[in-house]
Amino acid sequence: MESVSNRHSPTPLSAADKPEPSASVLTRPPAVYHALVAWFHKLTIEQRVLAGFSMVFVGILIISAISYRNTSILLANSGLNGRSHDLIQLLNNIEAAMSEAEDVHRRYLVTGEDSYLEAYKRVVKQKPSFTAYLHDLVHGSQEQQQRVRVLDRMMDRQLSAQSKALVQFQEGGFRAVRSMAFEGAGKRELAAIHQIIAEMDLHERQAIRRRVVESAAGTRNTIILLGIGVLLQLVMLAWVYYFIRHDITERRRVAGELQRRGELLEAANKELEAFSYSVSHDLRAPLRHIDGYAGLLRKSVEHSLNDKAARYLRTISDSAKQMGQLIDDLLVFSRMGRQEMLRTTVDPNQLIRDIISDLRLDLQGREISWTIAALPEVQGDPAMLRQVFMNLIANAVKFTSTRPIALIEIGVERPSPTEITFFIRDNGVGFDMQYAPKLFGVFQRLHRADEFEGTGIGLANVRRIVHRHGGRTWAEGVADKGATFYVLLPMRRLDS
Amino acid sequence: MTATKPILLAEDNPRDAELALAAMEAEHISDKVVLCHDGAEVLDYLYCRGQFKSRLRGNPAVVFLDLKMPKVNGLEVLRTIKADVNLRPIPVVMLTSSREECDLADSYALGANAYVVKPVEFHKFLSAVKELGTFWGLINEPPPESCRSMH
């Protein structure tokens, strides 16, 4: 199966993804590159800097390891070369000594002079130390050890042949050893010794040459590696530096921008404050005048006023009052967005007890069944949260006024460690869910003014306060059945 | 005698002034009211200069001060009054449309004796001005220093 598919496309894996095998082969390296770039772009600046420094660190480790290895080899080679030189020297000495042994032995046989015998015996005495030293110097090389064994044997054979000749000489005099004295007792062995020593010498010289070449190459490689490594490290460091600098520049820019925006915002806030001050002061004056002069007019024409005219005057006054109320509500709403927020622990149970006690005038003549669960403490601005619960409870009381028995339930839903959701449920007139998005808008009302009073700012205030606490608010309702209002507050401290 | 001491009303808006006077008229104290149209006039009155050069010496029983006035505003007048050792004892009532917290705080910090927000509804405004006029102009005993002649 595989061989068949392989024959059709040289790259079966990418052929599955892409119709043209040749194209996929061409696009593969850039694809990997793009994936790498994409991965890199996903990293935070800290991770990039860390990655850069890690690479520099790993690079330094690799360079150090290789340099250490090369230097060790260099040192080992120079040690081995020393040994090789020693060996060559020793071999020369052995060769000279063995030649001398043969020479003085022959002279002794011919002349019978003791000084030659003494010289010969010195060489014989030296032989074990030669052997020991030899074994020491060829340690680690099988080939040379083999040769040393042969050499040793040859030396022994030469010496034993010579000692045999000495015995014959002492027993039978010069005649017995005549031919040996002319030819040499260990002539053949000495020749073999020369040959072996020449072989060993050649072997060591070749080894030295090899090591010198190897060391030179190692040194050159180390230098090249160090050069490239240092260059790479520099590039990497430059790259990390670029990122850090880029980040710092960016941060500075953002900080500057933030400051500029903060100043703009502050200016806008100041303007808004001046505006609402002006609204609060100047807009009320004409209203006061409308109501005031309507009152004065009523007073001065009191006796001749018919019902219709009296109603007109009343309407003028009522409208002025209503507008005054709207202005006040709008100012409260505007102040709610600007006011400094406190952050303390608030006990909603106490808050709700106080609110219900404050509402007792509205509750007169009403039959209300309260179901209030034990509520957990929350973090927030006590005055603002009081306003939230006040508005929601007052709404529940207001919109259940048409019920013979009002049911109002306050509780907590889905408690979790990070957030808490309060709800206030009533069996009042409710609302159609299609109008739910309008509920929390400023001056949005779902009921006619003659049904339920109010300016329509309460829920807008609720939403604004809850948002400033980092929470959410929403409502569910069924027309003529009741409504439930939810307030979700985060449990952890949040800055507005 | 308090009955002879005038009530100083600083009000730049003639309609507000008329309404205030109408309210005090009902209590028969409107004839004691001296009306100033801006802060500078209030200071002229208190220091007996300008158009008030030849007025009868003596401090008023109370000063009703609007905050927002041309030339010299209410807070500046208040600061001047409370910084002058002779004027300091005069009770000063801020009578203003502003419900802003900063105005309240500033007024009390400068030594205002009372702070009243003018109600929008006429009958509330009426009763507020009546009560203020009656209390400060008739019931309250002004400090003896206010009887001392100026200069």
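What share of the contacts in chain B with a separation of 6 or more joins residues 24 or more positions apart? The share is 68%. Two residues are in contact if their C-beta atoms, placed from the backbone, lie within 7 Å.

This is a predicted model, in which local features need pLDDT of at least 70, side-chain atom pairs count only at pLDDT 80 or more, and totals for chains, interfaces and linings use all residues. Residues are numbered from 1 along each chain as its sequence is written, while chains are lettered from A and ligands numbered from 1 in the order in which they are written.

**Figure 1. Chain B from end to end.**
Chain B has five helices and five strands. Helices (H or I, at least four residues) and strands (E, at least two) are DSSP runs, numbered from the N terminus. Along the sequence, the pattern of chain B reads β-α-β-α-β-α-β-α-β-α. Chain B holds 151 residues, and 38% of them count as buried. A residue is buried if 20 or more other C-beta atoms lie within 10 Å of its own, exposed if 12 or fewer, and partly exposed in between; these C-beta atoms are placed from the backbone.

**Figure 2. The largest nonpolar core.**
A nonpolar core is a set of buried Ala, Val, Leu, Ile, Met, Phe, Trp, Tyr and Cys residues joined through C-beta atoms within 7 Å. The largest one has 44 residues. Its members that touch the most other members are L8(B), A10(B), V42(B), V63(B), F64(B) and L65(B). Helix 5 (residues 122-139) of chain B gives this core its largest share, six residues. Look next at A10(B). Beyond its neighbours within four places in sequence, A10(B) is in contact with residues including C36(B), G39(B), D66(B), M69(B) and V77(B). V42(B), V63(B), F64(B) and L65(B) are also among the contacts of A10(B).

**Figure 3. Helix 5 of chain B.**
How far apart are the end C-alpha atoms of helix 5 of chain B? They are 24 Å apart. At 1.5 Å a residue, the 18 residues should span 26 Å, which agrees. The expected span is 1.5 Å times one less than the number of residues. The buried residues of this helix are F122(B), F125(B), L126(B), V129(B), L132(B), G133(B), W136(B) and G137(B). They cover an arc of only 140 degrees around the axis, so they sit on the same side of helix 5 of chain B. The arc is that of the directions from the helix axis to the C-beta atoms.

**Figure 4. Where the two chains touch.**
The contact takes 16 residues from chain B and 17 residues from chain A. On the chain B side, helix 1 (14-26) and helix 5 each supply at least two residues. Helix 1 of chain B provides the largest share of that side, four residues. By class, the side of chain B that touches chain A has five nonpolar, four polar and seven charged residues. Here Ala, Val, Leu, Ile, Met, Phe, Trp, Tyr, Cys and Pro count as nonpolar, Asp, Glu, Lys and Arg as charged, and the others, Gly among them, as polar.

**Figure 5. Two loop residues with positive phi.**
C48(B) lies in the loop between helix 2 (39-46) and strand 3 (62-65) of chain B. Its phi is near 50 degrees, a positive value in a residue other than glycine. C48(B) is partly exposed, with 16 other C-beta atoms within 10 Å. K71(B) is in the loop between strand 3 and helix 3 (74-83) of chain B. Phi of K71(B) is near 65 degrees, again positive in a residue other than glycine. K71(B) has 14 C-beta neighbours inside 10 Å, so K71(B) counts as partly exposed.

**Figure 6. F431(A) in its loop.**
F431(A) is found in the loop between strand 5 (419-426) and helix 13 (458-468) of chain A. Is F431(A) buried or exposed? F431(A) counts as buried because 22 C-beta neighbours lie inside 10 Å. F431(A) and G477(A) are 46 residues apart in sequence, yet 5.3 Å apart in space, C-alpha to C-alpha. Leaving aside neighbours within four places in sequence, F431(A) is in contact with L446(A), G477(A), A479(A) and A483(A).

**Figure 7. Chain A and its confidence.**
Chain A has 13 helices and seven strands. Buried residues make up 21% of its 496 residues. The average pLDDT of chain A is 84, and 92% of the residues score at least 70. pLDDT is the predictor's confidence in each residue, from 0 to 100. Over residues 1-26 of chain A the pLDDT is below 50. Where pLDDT is low, the predicted coordinates should not be read in detail.
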